[in-house]
Amino acid sequence: MRIASLFVAVIFVLGLFGCTTEERTTLGGAGIGGAAGAIIGHQSGHTAEGALIGAAVGGLAGYLYGQHKTKTTADGTVVNYVECPKCSTSLNLPPTARAGAKIKCGSCGTTFILK
Ligand SMILES: [Zn+2]
């Protein structure tokens, strides 16, 4: 039953990431995963173990998402985005965007080259 619970926790954490439009980071993933793991671990009498496993799973998920720089919108569409180097606004990229493309931030007006 414990393995089944862990499996549910992993699905829960991944589902959580899939549903948010917020930027995902390794730190945020570890924090959310750790919290979810601690709750689940507490219920099965292993709070610390649950938190560690949750942090590892959540951190990994956050790391992977962070590297890919994609996010899922409310309607389930996966979009590529890049952060403005000046104001850190998330700018959606068209599917055709490639490295070297010139991007203009709609928030602060900074123009930069996509890496
Ligand atoms: Zn900007």
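How many bridges join E1 to E2, and do they run parallel or antiparallel? Select both strands: three bridges join them, and the two run antiparallel. Before going on, some housekeeping. Numbering starts from 1 along each chain as its sequence is written. You are looking at a predicted model, where local features need pLDDT of at least 70 and side-chain atom pairs count only at pLDDT 80 or more, while totals for chains, interfaces and linings use all residues.

**Stop 1: the whole chain**

Show everything as a cartoon. The protein has three helices and five strands, and from the N terminus the order reads α-α-α-β-β-β-β-β. Helices here are DSSP runs of H or I with at least four residues, strands are runs of E with at least two, and both are numbered from the N terminus. Of the 115 residues, 23% count as buried (20 or more other C-beta atoms within 10 Å of the residue's own; 12 or fewer makes it exposed, anything in between partly exposed, with C-beta atoms placed from the backbone).

**Stop 2: colour by confidence**

Now colour by pLDDT, the predictor's confidence in each residue, from 0 to 100. The protein averages 73, and 56% of the residues score at least 70. Confidence is lowest in helix H1 (residues 2-19), with a mean of 58, and highest in E5, at 93. Select residues 19-24 next: pLDDT is below 50 there, and the stretch has 11 contacts in the model beyond near neighbours in sequence (a contact means C-beta atoms, placed from the backbone, within 7 Å). Residues 64-68 also stay under 50, with five contacts beyond four places in sequence. For the protein, 43% of the contacts between residues at least 6 apart in sequence join residues at least 24 apart.

**Stop 3: the three-stranded sheet**

Select E1, E2 and E3. They make an open sheet in the order E1-E2-E3, with antiparallel pairing (two strands pair if DSSP finds at least two bridges between them). Strands E1 (70-72) and E3 (90-93) are the edges, each pairing on one side only. From one strand to the next, the twist averages 45 degrees (axes are lines fitted to C-alpha atoms, for helices over the stretch in contact, and angles run from 0 to 180 degrees between N-to-C directions). As a reminder, strands of a sheet pair through backbone hydrogen bonds, either parallel or antiparallel.

Then slide over to E2 (residues 78-83) and E3, which pair in the antiparallel sense over four bridges. Pick Asn80 and you will find Leu93 of E3 opposite; pick Glu83 and the residue opposite is Ser90 in E3. This hairpin has six residues between its strands, with Ser88 taking a positive phi near 65 degrees.

**Stop 4: two loops**

Which loop holds Arg98? Look between E3 and E4. Arg98 counts as exposed because it has 7 C-beta neighbours inside 10 Å. Draw a distance from its C-alpha to that of Ile113, 15 residues apart along the chain, and you get 9.9 Å.

Finish at Gly106, in the loop between strand E4 (102-104) and strand E5 (111-113). Is Gly106 buried or exposed? Exposed, because it has 11 other C-beta atoms within 10 Å. The C-alpha atoms of Gly106 and Cys84 are 9.3 Å apart, with the residues 22 apart along the chain.

Technical notes. Two residues are in contact if their C-beta atoms, placed from the backbone, lie within 7 Å.
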